[in-house]
Amino acid sequence: MRNIRHHPKPETLAEYAAGRLDEARSVVVSTHLTLCKECSRSVVDFEALGGACLETVEPEAMQAGSLAAFWERAGDQDILVSPSMHGFEAANDFSLSAAQPLGAYLDVDVDRIKWRAVAPGVSQHVLDAEGYRDGVLRLLKIAPGVQLPMHTHKREELTLIIRGAYRDAIGEFRPGDLADLDDDIEHAPTAFGDEDCICLIATSAPLVFKDLIGKIVQPFVGL
Amino acid sequence: MIRGRAVIGAEILIVTSARPNKNVSSGSSEAMSDLLGRVATSGDRAAFGELYDYFAPRVKGYLMRGGSPADLADDLAQETMLKVWRKARLYDPAKAGAATWIFTIARNLRIDAARRAAKPTLDPDDPSLSPEGEQPADERMERADRDKKIKAAFEALPEAQHEVVRLHFIEDAAHSEIAERLGLPLGTVKSRLRLAFTKIRKELGDLDA
Ligand SMILES: [Zn+2]
């Protein structure tokens, strides 16, 4: 894997580790984590911080006889005692990231997606990731040379490059790079290179296009 | 860890007062990890019982702070501990501490509960957000040590930062609601969080002091 140059902000990783992100943004972050050791390690650090916080929680008494009820529920399933860890992945050697978080949301390969054209050179495919909290997850495909209208974001947007590349005022984004934008950043990404740029985008609120063209395009882009 | 635009090292320290009460010593969490290690190697039910008595009420408290009614929180706390028991043989004391591991299990159950509430027909085995997957960590030996340092750095935070970090990880309220509750502007809550994270990463040697 090439070097990833753009990562989520630490605060975003901390929100992820705390279970605070909506489903759409969690998918984008966890997909990045499968590609980025650096951020995976940060998330485990934040989980350790969560563990320290858990110990400060005011205990709530369990119902009477809870431990006995627990053993009943556990049944006679004694844990398998294994003198050596050999052959096992330690259960506490983890991260939140599944093997293929994005894959779980795609019923077909990226190459077989039925794209819906939303503007010349731009098409999208909305994924069902509205399990909890607000948030929309979509794949956007931008043809090389096409520029999206200038826009800002009412809240946060996370964009992970899956394929191809784009550039905007912040820099160049290539596969694995994650753009973690909030409302004070406005950008107009332009796809470049030989192939379509495919991005996985999570938005927690609708995008706000800034210029007139954007205003015209917006309703029909459906962003 | 940081690249790009996030400039958090440049923040100015605002609070330096010491925190008055620390009622959890680092000793107790090491004791808990040792207990779990005993469960892992010998299936020791008495050791697990001690672990249960310590963590189940805290997990229940955590779930209630996340909005679960007491009955559900009780049930999910038990389920958390059940996962701990069933997977205990895979616990490696050289890796994440007991509290960290239990936190992630409880957090995932909390997320699952929220998803089920939003989408009642959801497949509980849906692999999206809450896998307890394996991590190809390259710093395996280092992990337990990092956990201890993180806990110590957390306990040494100034009270104002300690509190927002706690609320960030425990409460299900949005940062704006937390700000309201503390009578602070949202920006202050966010900057305290960033300061705390920066300080902890300095303690870990990830940033220049
Ligand atoms: Zn990263």
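1. B:Leu36 sits in helix H1 (residues 26–42) of chain B; helices (H or I, at least four residues) and strands (E, at least two) are DSSP runs, numbered from the N terminus. Leaving aside neighbours within four places in sequence, B:Leu36 is in contact with B:Leu51, B:Val84, B:Ala88, B:Tyr91, B:Ala98 and B:Trp101, where contact means heavy atoms within 4.5 Å. From B:Leu36 to B:Asp145, 109 residues away in sequence, the C-alpha to C-alpha separation is 17 Å.

2. Before going on, please keep in mind that this is a predicted model, in which local features need pLDDT of at least 70 and side-chain atom pairs count only at pLDDT 80 or more, while totals for chains, interfaces and linings use all residues. Residues are numbered from 1 along each chain as its sequence is written, chains are lettered from A and ligands numbered from 1 in the order in which they are written, and side-chain values use heavy atoms, with hydrogens and water left out.

3. One of the contacts of B:Leu36 is B:Tyr91, and it deserves a look too. B:Tyr91 is found in the loop between H3 and helix H4 (98–118) of chain B, and at 1% relative accessibility it counts as buried. The C-alpha atoms of B:Tyr91 and B:Val39 are 8.8 Å apart, although 52 residues separate the two along the chain.

4. Chain B as a whole has 8 helices and 0 strands. Of its 209 residues, 54% count as buried. Among its contacts between residues at least 6 apart in sequence, 66% join residues at least 24 apart.

5. Chain A has 5 helices and 11 strands. Its 223 residues are 58% buried, and 72% of its contacts between residues at least 6 apart in sequence join residues at least 24 apart. Do look at H1(A), where 8 of 8 residues are buried, among them A:Pro10, A:Leu13 and A:Tyr16. Just after H1(A), A:Gly19 has a positive phi of about 75 degrees.

6. The zinc ion is held in chain A by A:His7 (ND1), A:His32 (NE2), A:Cys36 (SG) and A:Cys39 (SG), at 2.1 to 2.3 Å. Donors are N, O and S atoms within 2.8 Å of the metal (3.2 Å for Na, K and Ca), and since water is not among the atoms, sites may look incomplete. The arrangement is tetrahedral because the 4 donor atoms subtend angles of 100 to 117 degrees (four donors count as tetrahedral if all angles lie between 85 and 135 degrees). Along the chain the donors follow H-x24-H-x3-C-x2-C. A:His7 comes from the segment before helix H1 (10–17) and A:Cys39 from helix H3 (residues 37–54), so this pair ties together parts 32 residues apart in sequence. A:His7 is buried at 4% relative accessibility, and A:Cys39 is buried at 1%.

7. Finally, the two chains meet where the axes of helix H4 (residues 66–74) of chain A and helix H3 (residues 70–87) of chain B come within 10 Å and cross at roughly 55 degrees. The axes are lines fitted to C-alpha atoms, for helices over the stretch in contact, with angles from 0 to 180 degrees between N-to-C directions. H4(A) and H3(B) are therefore oblique (under 35 degrees is roughly parallel, over 145 roughly antiparallel, 65 to 115 roughly perpendicular and the rest oblique). The residues in contact include A:Phe70 and A:Trp71 of H4(A), and B:Leu82 and B:Trp85 of H3(B).

Conventions:
Tetrahedral: all angles 85-135°; square planar, octahedral: opposite > 155°, others 65-115°. Buried < 20%, exposed > 50% of the residue type's maximum accessible area, 1.4 Å probe, protein only.
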